[in-house]
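Please consult the sequence and the structure shown here.

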Amino acid sequence: MDRRLRNDVVVLVLFVAIGTLLSVHFELVSHLQVLLEKHASTAWLEGATFLIVLLLGSVGFLLRRLYVLQSRMASAAAQPVVEIVQEPGLQDPLTELPGRKLWKRRLAQELSRAVREDTQVAVIALDLDRFKQVNDVFGEDVGDALLRVMADRLAAVVRDMDTVLRMGADEFLIIQPGLENHDGAVSLAKRLIAATLDPMQIREHQIPMSISIGIVLSTPDCRDCEKLLQRANIALDRAKASGGSVYRFHEADMDLKLQRRQRMEQDLRAAIDNDALALHYQPLFNVTDQRLLGFEALLRWQHAEHGFVSPADFIPLAEETGLIMSIGEWVLEQACKDALRWAGDRKIAVNLSPIQFRDPELPSKVAAIIKRTGLPAERLELEITEGVLIEDADTALAMLVELKSLGVRISMDDFGTGYSSLSYLKRFPFDKIKIDRSFVSQLVIGSEDAAIVKAILAMGHSLGMIATAEGVESAEQFDYLQLEGCDEAQGFLLGRPMPFEYALALCSVPDGHMESVVRPLVAAHLPRLASGGN
Ligand code: C2E
Ligand code: MG
Ligand code: MG
């Protein structure tokens, strides 16, 4: 039921109930009977009493309506935002919109008005999608000009009584008062998205730009400014995660998810401090002679409550929170130290996150770790995913060249899963491509995946790159890879990720004895030790 209708019904019922109580208390029927000198029938008198009670209810209802109307007129005469903004320091100098300092005052004003008028306020958090790229590519002047155009477009879409504020960088907030339900906010969100669809003409550049929107409506039990803003931002995060150019309303379960995420973040920070992160090592073998070539370092988190947490779950969290920077450095240093302890010149592969790649200091950090640990650079392989190249291919390729000049080897991980652009392979000489396990897991002669694997192998070899197959789980898959000339293989068939001591033991098995020694070792111990899911 519409909220306002519900309130009206409540008031009506309340007054009717009061009327009924009063009529019982003052024995209205008998008084009326006396009044009409006992001429009227009891049925007639009861009908008259009912009408009086109903009349009382209607009076109450009308009084309430009058109060609401009066409050609205009083609020309409309240100080408009334009006047408040004239106060020094409250306006955003770039866009001339009300600035961040005003949001709370403005929202509090509208919330108390909403209580009086029995309406709702929509708090709309808004953020430009990929604005950072505009600044990076076109420079900050163009970025500033774009923000001004955006501010004008937003301001043109809202009603006079709405407030558009600039909260900082590319973040805006809209306060939309006087709503009966969420329809008004939906229609405004659609108008806002539509208003930003046309590319922005900034000087000689035509820049496409979209926005993401998070909305929350005030309710009688939530009129707390900070909480409303936080909820609008949670909804905004959800909109961003959906790929941008969309609006999302705040939903109750979003708070729960956020709380869970915040707890997980605290736990991860504690895990870093308490050394609860560990590295496991998955062996890589030469396909032709099954020689042990090295290991890939894979991160493990033994969580006190949740047990093993997969890196697939906590690496994205570490990336969002920036914790990946310190974790990544620790992984690199620990893996290099461990690799020095196993025999021979076996390689150690370490995964790098795209976030680490945004750090211009990465090459010098890698160089420092190599120097500190004393690991020969050519034994270190850095694995990157295609995500690194998508964000800003030119910078990423320059960074790869710098890393390669240190003498380390660079592998393209999970090949075939992202927006694989063959031009990247041409522009940067990767040492290795790792065929993603999704192609390997369904390998059957004559299948589409078999054709894809064959094509990747041919292409990799013609570009002078080594090809590694990930996720080899069956002897049939291994045989097919051998037949097609794949160079290296990694997978549960050959060895699961294992603690360092097992990797060390594996290194001392003489080449040629893998078949007899490794398989029983893997089968006997590793299912127990192997980290969950793997
Ligand atoms: P990845 O680099 O592609 O690592 C290979 C993943 O495939 C590992 O999962 C490994 O355990 C799993 N795997 C290997 N062989 C098989 C198989 O035969 N069958 C199946 N089903 N899976 C197999 P894991 O350890 O869960 O790691 C997942 C991803 O997390 C890694 O994918 C990597 O992208 C990321 N990751 C792991 N450690 C690190 C790290 O230290 N830093 C960063 N940035 N990312 C890491
Ligand atoms: Mg990898
Ligand atoms: Mg991989």
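## Surroundings of ligand 1

The shell around ligand 1 contains 23 residues, a residue being counted when one of its heavy atoms lies within 4 Å. The closest are Arg300, Asp413, Arg437, Glu473 and Phe492. By class, the shell holds nine nonpolar, six polar and eight charged residues; here Ala, Val, Leu, Ile, Met, Phe, Trp, Tyr, Cys and Pro count as nonpolar, Asp, Glu, Lys and Arg as charged, and the others, Gly among them, as polar.

The model is predicted: local features require pLDDT of at least 70 and side-chain atom pairs pLDDT 80 or more, while totals for chains, interfaces and linings use all residues. Residues are numbered from 1 along each chain as written, chains are lettered from A and ligands numbered from 1 in written order, and side-chain values use heavy atoms, without hydrogens or water.

Polar contacts are pairs of N or O atoms within 3.5 Å. In the side chain of glutamate 473, an N or O atom lies 2.4 Å from a nitrogen atom of ligand 1. A nitrogen atom of the ligand is also 3.0 Å from a polar side-chain atom of glutamine 282, and an oxygen atom of ligand 1 is 3.1 Å from a side-chain N or O atom of glutamate 470. On its own, ligand 1 has 800 Å² of accessible area, of which the protein covers 87% (Shrake-Rupley method, 1.4 Å probe).

Strand E9 (292–303), helix H11 (311–321) and strand E13 (409–415) each give two or more residues to the shell around ligand 1; helices (at least four residues) and strands (at least two) are DSSP runs numbered from the N terminus. E9 gives the most, with four residues.

## The magnesium ions

Donors are N, O and S atoms within 2.8 Å of the metal (3.2 Å for Na, K and Ca); water is not among the atoms, so sites may look incomplete. Glutamate 383 in strand E12 (residues 380–384) and aspartate 413 in strand E13 are 30 residues apart.

Aspartate 413 coordinates both magnesium ions, ligand 3 and ligand 2, which are 3.9 Å apart.

Conventions
Polar contact = N/O pair within 3.5 Å; in protein donor to acceptor, adjacent residues only side chain to side chain.
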